[in-house]
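I opened the model today to look up a few contacts. My entries follow in the order I made them.

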Amino acid sequence: MKLQIHGDTRVPGDKSITHRALMFAALADGESRLSGLLPGEDCRSTAAVLRALGCDVPDLPHDGAEIRVPGRGLEGLHRPSAALDCGNSGTTARLMMGILASRPFACTLTGDESLRGRPMRRVTEPLRAMGAHFHEAGEPNRLPIEVTGGPLRALDYASPTASAQVKSAVLLAGLAGNVPVSVTEPVLSRDHTERMLTSLGVAVESSEAEGGWRVSVAGHGRPLPALELRVPGDPSSAAFLAALALLADDGELVIRDVCINPTRTGFFRIVERMGARIVLANPRTRGGEPVADLVVRPSELRGAEVGAAEVPAAVDEIPILAVLAARASGETRITGAGELRVKETDRIAAIAGNLRALGGDAEELEDGLVIRGSDRPLRGRIRAFGDHRIAMAFGVLGALPGNEVEIDDPAVAAVSFPGFFERLRTLSGGVR
Ligand code: S3P
């Protein structure tokens with residue numbers, strides 16, 4: 001049996017950019033016009049939290065159609081009447097903490113079981129240093145957490161992890177609290193917050209510095225203008241479809257309008273080294289973000305070494321990279337990826353355990369994985385552990401001829417890629 005792939009397709013809007021567009025629109029003065037927003041569950045959580053704070057965010061359309069969001073201004077958010085439920089979304093919880101740190105009221109943030117298991121002090125510690133108050137209502141370092149905002153002071157923060165959520169929380173606190181902030185991180189993490197702020201006229205300085213990469217925003221002190229933005233396709237979602245095309249036997253897949261911001265495309269650089277044939281065609285800029293069409297052709301892949309410096313730009317793609325490694329010749333060794341242990345699930349354990357459950361060869365390292373590829377059939381049942389990217393990565397593996405992968409909870413893909421499994425079925429319909 002061979003898998004023929006032919007298609008000209010798109011992926012839903014970028015998740016990180018969608019969260020930020022909704023938050024900035026809520027904080028702007030005037031009506032923002034946003035299209036291409038990801039209607040995934042995570043972004044619905046951000047919309048619901050903003051609504052609970054008094055912002056009139058419409059439902060996120062299934063087809064990316066334009067919505068208009070009336071801004072409430074930097075000072076306009078109101079005390080919510082109940083706890084703010086961030087669902088499965090770490091970005092919602094951590095970025096909203098930054099915004100709420102300067103608001104003159106108390107409110108509680110919570111989330112689903114997965115999110116309630118994830119560390120929050122990485123954000124509450126720097127925000128505390130700025131003057132905000134946090135009460136951990138449950139377990140230490142975990143949601144639910146009550147935030148009491150107020151006047152903030154300036155902060156120059158050295159973040160021990162390359163995390164866009166930590167960086168963005170501090171930048172948003174500085175912006176909403178009108179105090180200067182700087183964040184230095186060991187490696188530049190995704191920079192959508194910086195780009196969006198710049199496009200809104202906020203002075204952002206970003207440069208290599210001792211200890212990594214330093215980003216600074218001086219207190220802004222002026223209203224934010226409304227946004228007009230079309231969100232490009234999510235490169236993290238595109239990675240799953242690109243992986244299917246790379247593992248196919250014949251054909252070509254075009255994925256249009258994908259964000260190719262270099263802080264997000266580490267996966268594509270790594271797979272190129274593994275032998276992937278991917279062309280970034282028609283590069284252009286949209287709303288301050290680089291965008292291109294990806295042309296992906298089936299490829300013979302070989303194993304690769306991936307180290308700490310490469311992880312931040314590929315952090316969400318390690319599950320699908322591991323699937324490619326399981327089909328590549330030779331060994332793939334991923335290190336410096338300890339952050340994977342605190343994602344929607346412990347992704348290092350989930351990837352290694354699931355690959356082994358299917359008959360693959362995978363070993364857990366404390367901060368990474370060693371995977372030896374083969375072309376033998378992989379069959380069995382895997383657990384997604386409530387993690388969208390684990391479900392989708394193993395979905396791709398299961399779509400290959402000869403493999404049979406049963407996934408306990410495929411519906412969880414809707415967190416970032418509604419309709420993923422239908423799309424996978426359509427694209428892999430060419431199995432013969
Ligand atoms: C995100 C940052 C990353 C990423 C997450 C989205 C963001 O998390 O894994 O899916 O939108 O800022 P970390 O900041 O924890 O690395």
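**Salt bridges**

I began with Glu 66, which forms a salt bridge with Arg 33, the closest N and O atoms being 3.2 Å apart. A salt bridge here is a side-chain nitrogen of Lys or Arg within 4 Å of a carboxyl oxygen of Asp or Glu. Glu 66 lies in the loop between α2 and β4 (67–70) and Arg 33 in strand β3 (residues 31–35), so the pair ties together parts that are 33 residues apart in sequence. Helices (H or I, at least four residues) and strands (E, at least two) are DSSP runs, numbered from the N terminus. I noted 36 salt bridges in the structure.

**Ground rules**

This is a predicted model, in which local features need pLDDT of at least 70 and side-chain atom pairs count only at pLDDT 80 or more, while totals for chains, interfaces and linings use all residues. Residues are numbered from 1 along each chain as its sequence is written, and side-chain values use heavy atoms, with hydrogens and water left out.

**The two domains**

I looked up the division of the protein chain and found domain 1 (15–215) and domain 2 (233–428); the bounds come from an automatic or database domain assignment. Their centres, taken over C-alpha atoms, are 27 Å apart. Domain 1 puts 22 residues into the contact and domain 2 puts in 24, contact meaning heavy atoms within 4.5 Å.

Between them the domains bury about 1,900 Å², with 49% of it on carbon and sulfur atoms. Buried area is the accessible area (1.4 Å probe) that two parts lose on being put together, summed over both. Lys 15, Arg 190 and Arg 195 supply 30% of the area that domain 1 buries against domain 2, more than any other three residues.

I then checked the charged pairs and found four salt bridges between domain 1 and domain 2. In a separate look-up, Glu 339 forms a salt bridge with Arg 122, with the closest N and O atoms 2.9 Å apart.

**The ligand**

Which residues surround the ligand? I listed Lys 15, Ser 16, Arg 20, Thr 91, Ser 163, Ala 164, Gln 165, Arg 190, Val 315, Asp 316, Lys 343 and Arg 389, where a residue counts if one of its heavy atoms lies within 4 Å.

A polar side-chain atom of Ser 16 lies 2.7 Å from one oxygen atom. For an N or O atom in the side chain of Ser 163 the distance is 2.6 Å, and for one in the side chain of Lys 343 it is 2.7 Å.

Key
A polar contact is a pair of N or O atoms within 3.5 Å; within protein, one must be able to donate a hydrogen and the other to accept it, and residues adjacent in sequence count only if both atoms are side-chain atoms.
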